[in-house]
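Subject: Structure for you to look at, with notes

Dear colleague,

Here is the structure I promised to hand over, with the sequence alongside. Please open it first and keep it in view while you read my notes.

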Amino acid sequence: MIGLYRPGTSPLHRLPAGVKLVLLLVSIVAAAVLVRTPVQVAAAGAVVAALYAVARIPVRVALAQLRPVFWVLLLIAVFQVLVTSPARAVVVCGVLLVSVALAALVTLTTRVSAVLDAVTVGLAPLRRVGVDTDRLGLLLALAIRCVPLLAGIVHDVAEARRARGLQWSMTALVTPVLVRALRTADAMGEALVARGVDDD
């Protein structure tokens with residue numbers, strides 16, 4: 001699952017969360033601006049693979065981080081081939097794949113609490129203009145928590161749909177997922193209110 005922290009003692013694990021987030025942003029921007037050919041895509045991919053090796057992330061785990069974006073990349077690749085060229089499709093999809101892999105590497109080597117602390121510290125200057133950085137940190141924490149939560153709901157509903165022999169029915173998937181997601185959101189909202197999060 002994306003964002004599943006794997007404890008370790010590698011240099012990437014020991015690097016401060018704030019530094020990793022800054023390097024991630026710089027790397028993604030650099031890849032989007034500088035990578036222009038399939039050869040450069042291959043070089044960027046080799047660098048990312050080397051970083052995974054340094055972090056001692058198993059190949060199986062690394063591939064699991066990329067599996068959720070496969071179909072999206074496939075659609076983008078087909079569109080790029082039809083509109084531009086195969087070489088351009090490789091570049092666009094390659095940059096996206098490298099970006100996802102880098103982001104996944106950061107989450108695999110960084111505790112969520114460390115990421116939230118780094119974001120809160122980074123947003124601290126905004127307090128001078130009245131921004132509640134603690135609430136922004138809470139919002140980020142909820143967003144991170146809701147991704148695997150929603151994925152779990154979709155998985156459970158899909159399994160139930162297959163058990164009923166309705167694996168080809170989108171209605172049997174979408175409707176229960178929406179209902180369960182809304183119920184979960186209501187329960188989460190009530191829990192936050194009960195803890196006084198909505199207090200001014």
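What follows is an account of what was found in it, beginning with the whole chain and then going through single elements and residues.

Please bear in mind throughout that this is a predicted model. The secondary structure of the protein chain comes to 9 helices and 0 strands, so that, read along the sequence, the pattern is α-α-α-α-α-α-α-α-α. Taken along the principal axes, the C-alpha atoms fill a box of roughly 55 × 55 × 35 Å. The chain has 200 residues, of which 24% count as buried. Among the contacts between residues at least 6 apart in sequence, 69% join residues at least 24 apart.

I would begin with helix α4, which runs over residues 59-66 and whose buried residues are Val61, Ala62, Ala64 and Gln65. These four cover an arc of only 160° around the axis, and therefore they lie on the same side of α4. On the other side of this helix, Val59 and Arg60 are exposed. What do the buried residues of α4 pack against? Their partners are α3, residues 38-54, and α6, residues 86-109.

If its neighbours within four places in sequence are left aside, leucine 97 is in contact with Leu66, Val69 and Leu73. As for valine 69, its C-alpha atom and that of leucine 97 are separated by 8.1 Å, although the two residues are 28 apart along the chain.

In the loop between α3 and α4 you will find arginine 56, which has a positive phi of about 60° although it is not a glycine.

Turning to charged side chains, how many salt bridges does the model contain? The count comes to 2. In one of them the side chains of arginine 180 and aspartate 156 meet, at 3.8 Å from N to O. Arginine 180 lies in helix α9 (residues 171-194) and aspartate 156 in helix α8 (residues 133-163), so this pair ties together parts that are 24 residues apart in sequence. Both partners are partly exposed, with a relative accessible area of 35% for arginine 180 and of 39% for aspartate 156.

The salt bridge between the side chains of arginine 162 and glutamate 159 has an N to O distance of 2.5 Å. Here the two residues are 3 apart in helix α8, which means that about one helical turn separates them. Arginine 162 is partly exposed, with a relative accessible area of 43%, and glutamate 159 is likewise partly exposed, with 38%.

Is histidine 13 buried or exposed? With a relative accessible area of 13% it is buried, because the limit for that class is under 20%. The side chain of histidine 13 reaches the backbone oxygen of arginine 6 at 2.7 Å, and a polar contact of 2.6 Å joins it to the side chain of serine 10. Leaving aside neighbours within four places in sequence, histidine 13 is in contact with Tyr5, Arg6, Pro7, Gly8, Lys20, Ala55, Leu108 and Thr109.

Conventions
Residues numbered from 1 in each chain as written. Predicted model: local features only at pLDDT ≥ 70, side-chain atom pairs only at ≥ 80, totals over all residues. Heavy atoms only, no water. Buried < 20%, exposed > 50% of the residue type's maximum accessible area, 1.4 Å probe, protein only. Arc of directions from axis to C-beta. Contact = heavy atoms within 4.5 Å. Salt bridge = Lys/Arg side-chain N within 4 Å of Asp/Glu carboxyl O. Polar contact = N/O pair within 3.5 Å; in protein donor to acceptor, adjacent residues only side chain to side chain.
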